[in-house]
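Subject: Structure for you to look at

Hello,

Here is the structure I promised to pass on. My notes on what was found in it follow below.

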Amino acid sequence: MEAVIFVGVQGSGKTSFYRDRFFDTHVRISLDMLRTRRREETLLAACLKAKQPFVIDNTNPLPDDRARYVGRARAAGFRVVGYFFETSLEQAIRRNQQRHGKKRIPVPGVAGTFRKLQPPTLAEGFDALYTVTISAGETFVTRSGSLLHSQAET
Ligand SMILES: Nc1ncnc2c1ncn2[C@@H]1O[C@H](COP(=O)(O)OP(=O)(O)O)[C@@H](O)[C@H]1O
Ligand SMILES: [Mg+2]
C-alpha cells in the first residue's frame, strides 16, 4: 500500500512519469483533472478507504501542500513516498511551450512555482524520497534522496 506524492513545477515531467511508472498500479489524483478540492477529497478518501495505491500529481511546491496528504495516508497505513522532479526553470519553460491549448501554463506561473518550490524532506513524514531528472537522452533518471535534504544533512 503506497501513497506517492509528486513535487515539481509545471513541465517538469510529472504526468509523463506517472504514465511511465504508475499507470498500471496507482490511481492518479490530479487537481488539473479534477478541478476542485471537493472532487479531489472524494477520490482521495475512496483510495484511503479501499487501500488503493495512488499518486498525487500536483506541483505541491510547499511542505503545507504535501502535509494535506502525508498525515492522512500514514494514518491509513500507507507507505508514503515523495518524488521530487528536479529541473531548471529554462527546461520547464521550454517543455511547457511544447504543450498545446489550456495545458500550456503562462511563463509567470511556472516561474512563480519555481521560486517558491521547497524540495521535500523526510522530516515531513515521507518514508522515502526520490529525485527524478530527465537525462540528455530524454529518459527519466531516478535517484534516492532529495537534493536539498542530503545537502542539509551534511
Ligand atoms: N522524459 C522526457 N523527455 C522529454 N520530454 C519530456 C519527458 N517527459 C515529459 N516531457 C515533455 O515535457 C512536457 C511536460 O511534461 P509533463 O509530464 O506534462 O509535465 P508536468 O506534468 O510536470 O507538467 C510535455 O510536453 C512532455 O511531452
Ligand atoms: Mg501534469
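By class, how many nonpolar, polar and charged residues does the shell around ligand 1 have? There are three nonpolar residues, seven polar ones and four charged ones. Please keep in mind that this is a predicted model, and that the values here are computed from it.

Ligand 1 first. The space that ligand 1 takes up is the largest pocket. Of the 14 residues around ligand 1, those that come nearest are Gly11, Lys14, Ser16, Arg99 and Glu138. Helix α1, which covers residues 14–21, gives the largest share of the shell, with three residues.

- Arg99: an N or O atom in the side chain is 2.8 Å from an oxygen atom of ligand 1.
- Thr15: a polar side-chain atom lies 2.9 Å from an oxygen atom of ligand 1.
- Ser12: here a backbone N or O atom is involved, 3.3 Å from an oxygen atom of ligand 1.

As for cover, ligand 1 taken alone exposes 560 Å², and the protein buries 81% of that.

Is Arg66 buried or exposed? Arg66 counts as buried because its relative accessibility is 0%, and the cut-off for buried is under 20%. A polar atom of the Arg66 side chain lies 2.9 Å from the backbone oxygen of Pro61.

Regards

How values were computed:
Residues are numbered from 1 along each chain as its sequence is written. Chains are lettered from A and ligands numbered from 1 in the order in which they are written. This is a predicted model: local features need pLDDT of at least 70, side-chain atom pairs count only at pLDDT 80 or more; totals for chains, interfaces and linings use all residues. Side-chain values use heavy atoms; hydrogens and water are left out. A residue is near a molecule or strand if one of its heavy atoms lies within 4 Å of it. A polar contact is a pair of N or O atoms within 3.5 Å; within protein, one must be able to donate a hydrogen and the other to accept it, and residues adjacent in sequence count only if both atoms are side-chain atoms. Accessible areas come from the Shrake-Rupley method with a 1.4 Å probe; for residues, only the protein chains shown count as cover. On a 1 Å grid over the protein atoms alone, a cavity is a set of points where a 1.4 Å probe fits but cannot get out, and a pocket is an open set with protein on both sides within 12 Å along at least five of seven lines; lining residues have an atom within 4 Å of a point. A molecule sits in a cavity or pocket if more than half of its atoms lie within 2 Å of its grid points. Helices (H or I, at least four residues) and strands (E, at least two) are DSSP runs, numbered from the N terminus. Ala, Val, Leu, Ile, Met, Phe, Trp, Tyr, Cys and Pro count as nonpolar, Asp, Glu, Lys and Arg as charged, and the others, Gly among them, as polar. Buried means under 20% relative accessible area, exposed over 50%, partly exposed in between (1.4 Å probe, protein chains only).
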